[in-house]
There are 2 protein chains.
Amino acid sequence: MHRAEQLAWLSSRAHELATSDAWKCALEAAEDDDPGTDLKHRANLRELRREFDRATKLSSELVVRDSVAGSLAKHAWADARARSDFSSFAPHLATLLEIAREKADLWGYDDEPYDALLEGYERGTSTAAVASLFDAMRPAVREIAAGAVAKSAAHVVALPPGPYPIEAQQRLNARIAESIGFDFQAGRIDTTAHPFCTTLGPRDVRLTTRYMESDFTSSLFGVLHEAGHGLYEQGLVAEDFGLASGSAVSLGIHESQSRLWENHVGRSRAFWEKWYPVAQEAFPQLVRMSLDSFLEYLWRAEFSPIRVEADEATYDLHILLRFQLERELLNGSLAVGDVPAAWNEGFHELFGFAPADDRHGCLQDIHWAMGGIGYFATYTLGNINSAQLFAAARREPAIDMALGGGDYLPLLDWLRRSVHDHGAVYDPADLIARATGNVPSTEAYLVHLQSRYLS
Amino acid sequence: MHRAEQLAWLSSRAHELATSDAWKCALEAAEDDDPGTDLKHRANLRELRREFDRATKLSSELVVRDSVAGSLAKHAWADARARSDFSSFAPHLATLLEIAREKADLWGYDDEPYDALLEGYERGTSTAAVASLFDAMRPAVREIAAGAVAKSAAHVVALPPGPYPIEAQQRLNARIAESIGFDFQAGRIDTTAHPFCTTLGPRDVRLTTRYMESDFTSSLFGVLHEAGHGLYEQGLVAEDFGLASGSAVSLGIHESQSRLWENHVGRSRAFWEKWYPVAQEAFPQLVRMSLDSFLEYLWRAEFSPIRVEADEATYDLHILLRFQLERELLNGSLAVGDVPAAWNEGFHELFGFAPADDRHGCLQDIHWAMGGIGYFATYTLGNINSAQLFAAARREPAIDMALGGGDYLPLLDWLRRSVHDHGAVYDPADLIARATGNVPSTEAYLVHLQSRYLS
């Protein structure tokens, strides 16, 4: 309760400052000045105004109520998950949905409340646009996932037994992170139970991963994923820290950077042609495994009930389900009490089996308990964006050739120029269009999945 | 610099709140109300008034300047220490001393500026009182330390070689922490490079320790020391969190709790009569070592240049030196540029040799760089208090007998009643006098050192 009170106080104080008269006056004065033609300056003003308007639409009372409800829900969720008892979490989820709808009403939306929430994570898009991308990809993703799972089941490949000593993993991970351009003068890699990336200040980016002695790829792909986030953060303009021009634009763009380095670079044959010999030197038992078998191991696919354990081929199915359910919850077409049944039914439709219990089903993720409704969609948007960006970058012959030779810096340079340098100046969809020459589309992503998992 | 700016902002904001008119009015209104006879309520008002008065004597400008100087000094110190180059740290130390003197002048003092700084760590005592305790003990402590070191050198005892697996260490540490009453429902033990104890909120006490595979006693005594701090924090009245009646009274009392469990309980023969067989089960190589040899190992003494590596017999010599130097620095009788020479000379006088370089000398500790001038004395005050409290507790036959049988809860109960329950209601010296029947004195401590190290 002490922490809940502290968080509520901080939320309220932050809201007070973000909506204060002093801040309003300063913003208006800046707007009254001639903004000139500088794109970044205009974008910074535009985004400050957007944030101010969004903040002032909420009352302090609502902000505090939201914070307290989230604190209570997180505890209730952890407890409910441990006991696999959805009913004890249900009233909290109902409260959070009510608050989410209240916020959506205050912010306003064109078609449905989900629009207003999505705007907070993925500026400038709409629920309908996301749904149309997702609907278009659903049949292909299901087919690819099923094919990949069947292929893996027919030919099981195992890594040679460990131990893969943790210190050797750390050395290899650091070498690889450095080779893709992660700047250890402006960041660190540490150990936690769940990998994450966080930015403490300009040029202070912290990654974490976790280690299994039985499988060195677990910590390594944790590092590649989080370093993808970290490279984006390190690439933002440090002098503009806190302004739109020095900020990441959206979760869907952030996730595109992590997925690009993790899956498109890190799980490619060219990558391991360079690094597999190095890994074999670090872990002599790998000498018994051919590069082809190792790649098969990296590309194995399995239907898991748990999202965070899902592989590349099956991951999006988890997101499609969540997006559909939270949209229905917000629209009121799905009642909170019916979530477990709807989850299990939807899961069965996509995966061909139902989770054993709610702990492995609708209680597995913390997102809703954190009030993060409208967030899940950005994972699959990230996957889509990553493929579109990577394909565009590889159209430059020098980048493609460098990747083949194990030189990742021309690719990083392209991402710096095409994505990182722009911060949040453009809306995500515009950023993608400017970088790739096309509006966001699932095409490159489906081509990638198909060629990796069905050929 | 980003962090320095954030810290400066927080300092300034905290100072603004602590000295605001609103707070002043609330405090005055509370003082105007009839305080009644409730001792705790009166003490809470008194301490709030003391904090308010101390805060209002400093200007915002000074608070911010202090914070920025500290941030810069910490970086300069880390860098200077790595290169063993005092001259690059000297200007920062000079600035911090100037600020410390400025604060002391604003707060006011009777005899010397050190009084005003000490008051922030050890309420109600004076530099002269501390100096007289330290002067009185100096010859005896030197003699005991020299004797203990000579004894250890004449008969070197080594622990059987490791590995002492870390998981087995963690299990043993947790069992022992639980046996002395540490409440794992209101706290945790984690791993860090340097052990510490911190309280995140009422009933949320976090300890850390560090592990050496070659010596299980390193992590265990880390846990015993920090759990001593943690038991104090867990023993404070949770409902009074943030008020004097629910706060630790001083660093010297805090340290008495950690030292009591670490040295008086944890390094005693009775303690290991109970736990050595358990340790031998966890670490079979200990079967080759007798209990007597193990105790000799625990009681070994050595002159080390580094305070944090010092053993019980030699620790206070490090503090006596620091107390003398920082007092002279504040009084202006020692110039910053002369610190290395004064350190080496003073060290030689106490230990019989000089440190190899400033890194192992005057640059070893972070305290001055953190602006913690007047802090070091509290370590030895903690040692003195720990012995006086422990001796008083053992005068109760039930406690003494329980300790002999490996039951620590009667001792904890006595500490709860005599120390923890009172929070910061009494001044440290009064608290000791009420608990032990005597004013603070080095008597029990010297008896303890003598009997452990010279008999």
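Is B:Arg203 buried, exposed or partly exposed, and how many C-beta neighbours does B:Arg203 have inside 10 Å? B:Arg203 counts as partly exposed, because 17 C-beta neighbours lie inside 10 Å. On this scale a residue is buried if 20 or more other C-beta atoms lie within 10 Å of its own, exposed if 12 or fewer, and partly exposed in between, with C-beta atoms placed from the backbone.

The structure is a predicted model, in which local features need pLDDT of at least 70 and side-chain atom pairs count only at pLDDT 80 or more, whereas totals for chains, interfaces and linings use all residues. Residues are numbered from 1 along each chain as its sequence is written, and chains are lettered from A and ligands numbered from 1 in the order in which they are written.

Chain A comprises domain 1 (2-83) and domain 2 (166-303 + 395-418), with bounds that come from an automatic or database domain assignment. Between the C-alpha centres of domain 1 of chain A and domain 2 of chain A the distance is 32 Å.

Two copies of a chain are related by a rotation about an axis and a shift along it. Here chain A is superposed on chain B by a rotation of 180 degrees with 0.0 Å of shift along the axis, at an RMSD of 0.0 Å. The two copies are thus related as by a two-fold rotation axis. The same surface serves both copies, in that 100% of the contact residues of chain A recur in chain B. The superposition is by least squares on the C-alpha atoms of residues with pLDDT of at least 70 in both copies. Among the residues of chain A, A:Thr191 comes closest to the rotation axis, with its C-alpha at 5.6 Å.

The contact between the chains involves four residues from chain A and four residues from chain B. By class, the side of chain A that touches chain B consists of one nonpolar, two polar and one charged residues. Two residues are in contact if their C-beta atoms, placed from the backbone, lie within 7 Å. Ala, Val, Leu, Ile, Met, Phe, Trp, Tyr, Cys and Pro count as nonpolar, Asp, Glu, Lys and Arg as charged, and the others, Gly among them, as polar.

In chain A, three strands form an open sheet in the order β1-β3-β2, with mixed pairing. β1 (187-191) and β2 (197-201) of chain A stand at the edges with a single partner strand each, so one side of each has no neighbour in the sheet. From one strand to the next, the twist averages 25 degrees. Strands (E, at least two residues) and helices (H or I, at least four) are DSSP runs, numbered from the N terminus; two strands pair if DSSP finds at least two bridges between them. The angles run from 0 to 180 degrees between N-to-C directions of axes, which are lines fitted to C-alpha atoms, for helices over the stretch in contact.

Four bridges link β2(A) to strand β3 (residues 204-209) of chain A in the antiparallel sense. A:Thr198 has A:Arg206 as its bridge partner in β3(A). β2(A) and β3(A) form a hairpin with two residues between them, and A:Arg203 in the turn has a positive phi of about 60 degrees, although A:Arg203 is not a glycine. With 17 C-beta neighbours inside 10 Å, A:Arg203 counts as partly exposed.

The sheet of chain B also has three strands in the order β1-β3-β2; this sheet is open and its pairing is mixed. Its edge strands are β1 (187-191) and β2 (197-201) of chain B, each pairing on one side only. The twist again averages 25 degrees from one strand to the next. β1(B) runs parallel to strand β3 (residues 204-209) of chain B, and five bridges join the two. Opposite B:Asp190 stands B:Thr208 in β3(B). B:Arg203 lies in the loop between β2 and β3 of chain B and, although not a glycine, has a positive phi of about 60 degrees.

Most residues other than glycine have a negative phi, and most peptide bonds are trans. The peptide bond from A:Gly162 to A:Pro163 is cis, with omega near 5 degrees, and A:Pro163 is located in the loop between α7 (127-154) and α8 (166-179) of chain A. In chain B, a cis peptide bond with omega of about 5 degrees joins B:Gly162 and B:Pro163.

A:Gly120 is part of helix α6 (residues 113-121) of chain A. Its C-alpha atom is separated by 8.8 Å from that of A:Tyr375, 255 residues apart along the chain.
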